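Q: Hello! I am new to reading protein models and would like a close look at one part, followed by a friendly tour onwards from there.
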Amino acid sequence: MPIVHLRAALLKYPQAVNIVEFAPAGKCLRLDLGEAEALVTLEVGPRILYFGPKGGPNMLKVYPDGGSLGEHGMKHYGGHRLWYGPEDRDVTYQPDNDPVERTDVDGWLGFASRTNRYGIQKQISVRPKPKALGLDLRHVVTNRSTQPATLFPWALTVMAQGGTCLIPMPPFRAHTEDLLPAASMVLWSYTSLNDPRWTWGTHVSRLAQRDLPTPQKLGALIKQGYAAYANFGHLFIKRFDYHEGAAYPDLGCNFETFTNAEMLEVESVGPEVTLVPGESAELRESWSLILDAVPPVEDEACGMWLRKIVEGLT
């Protein structure tokens, strides 16, 4: 990335950003979020590798050596990344090891990847919200090829070990009041509903990250448009879009979560679209960090607690 772009960023946001080194990704743009901060990669990505209180702990999982995934040279890195689906071990697992291009517009800080060998370019733009200890995020996937591309944008946030994902359930209505289905829940072939990491509730279901060898994954249509991750005595909240009637992929999911022995992912999913050359698809999120917030154990109390927190953010 040309140094003039870094200087321009520092001049434009002198109190909010600076450049720091952060392993394993090299130079990152540091965003001051009040009592919290975020680090966005400049030499690889785009990725967000830190989101948490100043001085730690990092709510995100980062692999110190970057790791390696497959023959195409993709690295783990961890943190938050933009993918697109449907998932394919060749098409999807494209490396993001090159410097990003900065495209800052109207208060949004943009970080764009190089176009990959399938003609797809990814960009994450962020807008700091210091008073809310958070970020607004725009994820844009653009078809730079010469052929139409059918895909969906997919934003994956890799969370640190030891926490619990909180998944809001549809508002409860008695059988005598509502006969129609309220939402979908989607299983993968390796999903086991009796795995001890799952806790099923009427108001909130939970998936705990634990050091167990078998992965777990679940997809859902969450019309409320949010999910959360509790860890280190703090709460990470991810809000995302729900569009009535949209063609959501993976049997109708706008949210997915995955866990293994090392991490847990909190994922939002956009509708599936066919992009003509030059066309883009966008997926928006909003992140918030709630300090010193521990979820209630009881199901109904947890549902009310989480809903009130989210309502206070809007």
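Where is Pro-24 found?

A: Pro-24 is found in the loop between β1 (17-22) and β2 (26-33); strands here are DSSP runs of E, at least two residues long and numbered from the N terminus. Before we go on, this is a predicted model, in which local features need pLDDT of at least 70, side-chain atom pairs count only at pLDDT 80 or more, and totals for chains, interfaces and linings use all residues. Residues are numbered from 1 along each chain as its sequence is written, and side-chain values use heavy atoms, with hydrogens and water left out.

Most peptide bonds are trans, and most residues other than glycine have a negative phi. Another cis bond joins Gly-85 to Pro-86, again with omega at about 5 degrees. Pro-86 has its place in the loop between β5 and β6 (101-102).

Now for the phi angles. Asp-106 is not a glycine, yet its phi is positive, at about 50 degrees. You will find Asp-106 in the loop between β6 and β7 (109-112), where it counts as exposed at 70% relative accessibility. (Buried means under 20% relative accessible area, exposed over 50% and partly exposed in between, using a 1.4 Å probe and protein chains only.) Leu-133 also has a positive phi, near 50 degrees, without being a glycine. Leu-133 lies in the loop between β8 (120-129) and β9 (134-143), and this leucine is buried, with a relative accessible area of 11%.

Another loop to visit runs between β3 (36-41) and β4 (47-53), and holds Glu-43. Glu-43 is partly exposed, at 33% relative accessibility. Apart from neighbours within four places in sequence, Glu-43 is in contact (heavy atoms within 4.5 Å) with Ala-25, Gly-26, Lys-27, Asn-97, Asp-98 and Pro-99. From Glu-43 to Val-269 is 226 residues in sequence and 26 Å in space, C-alpha to C-alpha.

Let us finish with the rings. The structure holds 10 aromatic pairs: rings of Phe, Tyr and Trp (its six-membered ring) with centres within 6.5 Å, called stacked if the planes are under 30 degrees apart, edge-to-face if over 60 and tilted otherwise. Phe-152 and Trp-154 make a tilted pair, with 5.9 Å from centre to centre and 45 degrees between the planes, and both residues are buried. Tyr-190 and Phe-258 form an edge-to-face pair, because their planes meet at 85 degrees, with the ring centres 6.4 Å apart. Since Tyr-190 is in the loop between β12 (185-187) and β13 (198-199) while Phe-258 is in strand β18 (residues 255-259), this pair ties together parts that are 68 residues apart in sequence. Tyr-190 is partly exposed, at 32% relative accessible area, whereas Phe-258 is buried, at 16%. Elsewhere, ring pairs link Trp-83, Tyr-93, Phe-152 and Trp-154 into a cluster.

Charges can sit over rings too, which here means NZ of Lys or CZ of Arg within 6 Å of the ring centre and within 35 degrees of the ring normal. Lys-61 lies over the face of Tyr-63, 5.0 Å from the ring centre. Arg-138 has its charged end over the ring of Trp-108, 5.2 Å from the centre of that ring.

Key. Helices (H or I, at least four residues) and strands (E, at least two) are DSSP runs, numbered from the N terminus.
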